[in-house]
Amino acid sequence: MALQSLDIARRSATTTPAPGVRQTTEVAKLIDVSTCIGCKACQVACMEWNDIRDEVGSNVGVYDNPADLTPKSWTVMRYAEVEEKGKLEWLIRKDGCMHCADPGCLKACPAPGAIIQYANGIVDFHQENCIGCGYCVTGCPFNIPRISQEDSKAYKCTLCSDRVAVGQAPACAKVCPTGAIQFGSKEQMKDYAAKRVVDLKSRGYDKAGLYDPAGVGGTHVMYVLHHADRPELYKGLPNDPGISPLVSLWKGLAKPVATVAMAAVALGSLFHYVMKGPNEVSKELEDELEKEDAK
Amino acid sequence: MTNHWVDIKNADLVMVMGGNAAEAHPCGFKWAIEAKKERKAKLIVVDPRFTRSAAVADYYAPVRAGSDIAFLGGVISYLLTNDKIHHEYVKNYTNAAYLINPDFKFDGGLFSGYNAEKRNYDKATWSYQLGKDGYAMLDETMQDPNCVFQLMKKHYSRYTPDMVSKVTGTPKESFLKVCEYIADTAAANKTMTILYALGWTQHSHGSQNIRTMAMIQLLLGNMGMAGGGINALRGHANVQGITDMCLFGASLPGYMGCPNEKEPDFKTYIEKRTPKMLRPNQMNYWQNYSKFFVSLMKSFYGNAATKENDYAYDWMPKIDGAYDTLALFDKMHQGKINGFVCQGWNPLASVSNKKKVGDALAKLKYLVVIDPLATDTSEFWKPHGEFNEVDPSKVPTEVFRLPANLFAEQTGSYTNSGRVIQWHWKAADGPGESKDDSEILATLFVKLRDMYAKDGGKLPDPILKMSWPYRNPNKPLPEELAMEINGKALGDVFDPKDKTKVIVKAGDQLASFAQMRDDGSTSGGNWLYCGMWSQAGNLTARRDNSDPSGLGQTLNWGFAWPANRRILYNRASCDMAGKPWDAKRTVIKWTGDKWAGNDVPDMRPNAAPDENVMPFIMTGEGVARLFAPGMADGPFPEHYEPFETPIDKNPFHPDNPKVTSNPAARVYKNDMEVFGKAKDFPYVCTTYRLVEHFHFWTKHSKLNAILQPEQFVEIGEELAKEKGIANGDKVKVRSNRGFIKAVAVVTKRIPTLMVDGKKVHTVGIPIHWGFKGVTKPGFITNTLTPYVGDANSQTPEFKAFLVNIEKI
């Protein structure tokens, strides 16, 4: 992604202050699960806009294909058959990055500038800075980022930051045939969601509501759910997501010692060792980082 | 569709049955969601499977595949029993009050006039009682036992909720709940729209499935209304256009009939095809048949079609029997066809009983495939492992593949399900040597014409004298074709009321089919499309979406046939005095001196309400037919089992095996023998499409292949448990015609139903796989399906047959 540096609000492993003169609107994508027909047009739009093509896989006994997020599938539909009050429901949720206001991935990332949060709320990976350590995977409460075996970089939904930067809606929102994916300012999306919730309640979904979890400071991808009291029904959407305490530990200590490169790297290695075990590639990269920092 | 896509948003109730709009028509389905969001409409789905349409519905009811008439007949019975009908509408706008021939009978599952040997009906008794004036007689009190209303009431009195549940497997309370939703729209200002597709057509009683719902919509007064109608959601982008232009052996463009052997001369043909007026003062619009037909002949033969030679009627082929898909491949199978030009079609995959189709193709001398893709059909002769086991040394057929441009590589028009004709411009040039279909056909024609000119032949005139006025004879332009289809004045066209007044100058494009004449002064390739390219230019290219009515009528977007009318029968949206049943959704109204409003009136514009010109202008009586003698298999729809039934009998007529399945459906001898029985094949199978794919095209597209890579079959949890099949296991599904292998998807979405006291399981199979393409290779699903079609349309029974299943 091109660096829209004026709009950067936060940068991984960076202590210099963010630029602050420009005002931008906080954006959000709203996924209204109650009007989603699971057509996967969003998956196609994502593949086409981003020029990514996953493998032609296999059927593993469900409609979900590709069966999971991958470095080349940044969004997938997840289908859950649940029985509620003796009535079958087929809950279809578009899964992908939630663009947390308080992003666990960014906090966990040790590579300066590999993860960016824009002032509009989009959390983006800048792969040229990514060291492939996988901390973002650990830091994410939604299990979103995927590390590519081809280039050892982390990938996920960009919320079409390139489109949004020039005033376009994300590709998935543009193609959604039923309007189940809406895009606009976060405030507009909350208002829209409130109307949908009223409609759902009138149809007997007493617990309908907006999913905008406070544990990660709210998200810039939100869901309207028929059963907002039990998000886990939707193929394991976390009930109360938060950032792993290990990440908080890393963050709390990292700041004071940020200037001491050796210590930071050491802690990074320890953290990595605790979470992932030894990793040759990662170690080499860390050595490189160390050299750079020492300059 | 009698209405159109955007109009779905005007409904109070959206019913999806006999189709799966969310998956098969995701873009159009946005209007169902719009109705829910903006109008607080309810959405109900009745289907053997809990589909992705059901996923966003307010209510879902299961139904056994192939039992829709039992369900809908039950709805009719409910509406009549509970007096939930729109009385004024039914009395005035339908034939409910019409008196029927007292010799008309329905007994033991058969209507009067049945011929068991020929498997068809002599319809002499399916007729109105006519008065001395020649007009149909009525009993306006609707009490006469021979009036349509009483006959209908009696016919459907057998369809009680208990009986419905017994036959369909729908739990009684679910059936009644659906009835309640539907009955609410009997109010004059409430409407239901019905969205259906191949789930109704692909049965041996497919046309009657649709007719039963049409009767319901008439009883509720929902025809002609915004947010109402009978809405067939058509297949690919231009299948409506194909139907209108007629690619069927038995019809000509604009739903005219192809001459047959019993119509040896022009006079006989026109007399037989022009219906008589059955009530005074009606429009009886088909009385203009000769104008449409002569204009068509002038478009075919130009100056060579003259009054003296009956406008070249003798050059038209007179068909000697059926030429539908099943008849065609049966003839081919018998070795009676030498060559086959297969354009934009993949019959090996899309016609029932793949083995029969493959064997039939192997009896041809040559096969020409015109297609953008390397279809399975074009390689029917080539071994593809177990997916296509064939010995090429035994196939003498010579196969030619002519690469055609894809739709996005051609300029032309599409006609969508809502009858809106829209011009489109090509997005890219085709690859390699691919050409537009029109260029391929024109080049073939010119070559053949040259050969006839050089070598002569038995009857060269129909080819040699064909009008071919294109600037480049090998490459007619889409614009030239569209103008030709619209039609023009060949000589001056005069006002019938004032023979000195010219209404269209010679050489000008016609503005309306009302300007067509049967004296040779006009031409037109399809009367229904007249007006699409008038002197005002190409109206199909219009893109003005302004919508002053707020109803989504957008009269300046494209051009809808007929006459740019968006809602058919819209006169019926008003009461007898011309006042809209629902003023908030005014389609048209009587303004005191004319009909006007938010649509082109489906009525003579100056027909004052007290003239009693009725809204259904295409019938001789001006009203809609609850009793419809035009059907091949009965004037009232009756439930018959699919030809392969899990219960071995028709519960409505358990003692008459002759009427287990549709007694008027055509069955070929060798096909009757390969129908399976429930003792060997105990499970109901239904085939369908998935949103991720389009027929057999998108298996060639990587994006679609990623979304649904591999063939699968769906079964319910109970059947899976019985057969020891786990999710993701490989299974073999057999019918009496062959087998396929696929991955099992075990799901709660396919319910087990209690039918006639017996548990009935359903096996669901998406159709999209084959041996050509970039998806994982799969079996042709139509290996399994039976070779029998609907009694009226001969559409094959893909939706309900019998199989067995086992884990591999």
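This is a predicted model: local features need pLDDT of at least 70, side-chain atom pairs count only at pLDDT 80 or more; totals for chains, interfaces and linings use all residues.
The surroundings of B:V148 can be listed in more detail: when residues up to four places away in sequence are not counted, B:V148 touches B:N95, B:A96, B:Y98, B:I100, B:L626 and B:F627.

Helix α8 of chain B covers residues 172–183, and its twelve residues reach 16 Å from the first C-alpha to the last, close to the 16 Å expected at 1.5 Å a residue. Within α8(B), the residues B:F175, B:V178, B:C179, B:I182 and B:A183 are buried. Seen down the axis of α8(B), these buried residues fall within an arc of 135°, and they therefore line one face of the helix. The elements of chain B that cover the buried residues of α8(B) include the strands β2 (42–47), β3 (59–62) and β8 (192–196), together with the helices α4, α7 (161–168) and α10 (206–219).

Further along chain B, B:L719 is placed in helix α22, which runs over residues 717–723. B:L719 counts as buried because 21 other C-beta atoms lie within 10 Å, where 20 or more are required. Apart from its neighbours within four places in sequence, B:L719 is in contact with B:T752 and B:H761. B:L719 and B:D58 are 661 residues apart along the chain, and their C-alpha atoms are separated by 27 Å.

The contact between the two chains takes 31 residues from chain A and 35 residues from chain B. On the side of chain A that touches chain B, the elements giving two or more residues are α1 (41–50), β3 (76–84) and β4 (87–95) of chain A. Of the elements on this side, α1(A) gives the most, with four residues. When the residues of chain A that touch chain B are sorted by class, 13 are nonpolar, eleven are polar and seven are charged.

Definitions and conventions
Residues are numbered from 1 along each chain as its sequence is written. Chains are lettered from A and ligands numbered from 1 in the order in which they are written. Two residues are in contact if their C-beta atoms, placed from the backbone, lie within 7 Å. A residue is buried if 20 or more other C-beta atoms lie within 10 Å of its own, exposed if 12 or fewer, and partly exposed in between; C-beta atoms are placed from the backbone. Ala, Val, Leu, Ile, Met, Phe, Trp, Tyr, Cys and Pro count as nonpolar, Asp, Glu, Lys and Arg as charged, and the others, Gly among them, as polar. The expected span of a helix is 1.5 Å times one less than its number of residues. The arc is that of the directions from the helix axis to the C-beta atoms.
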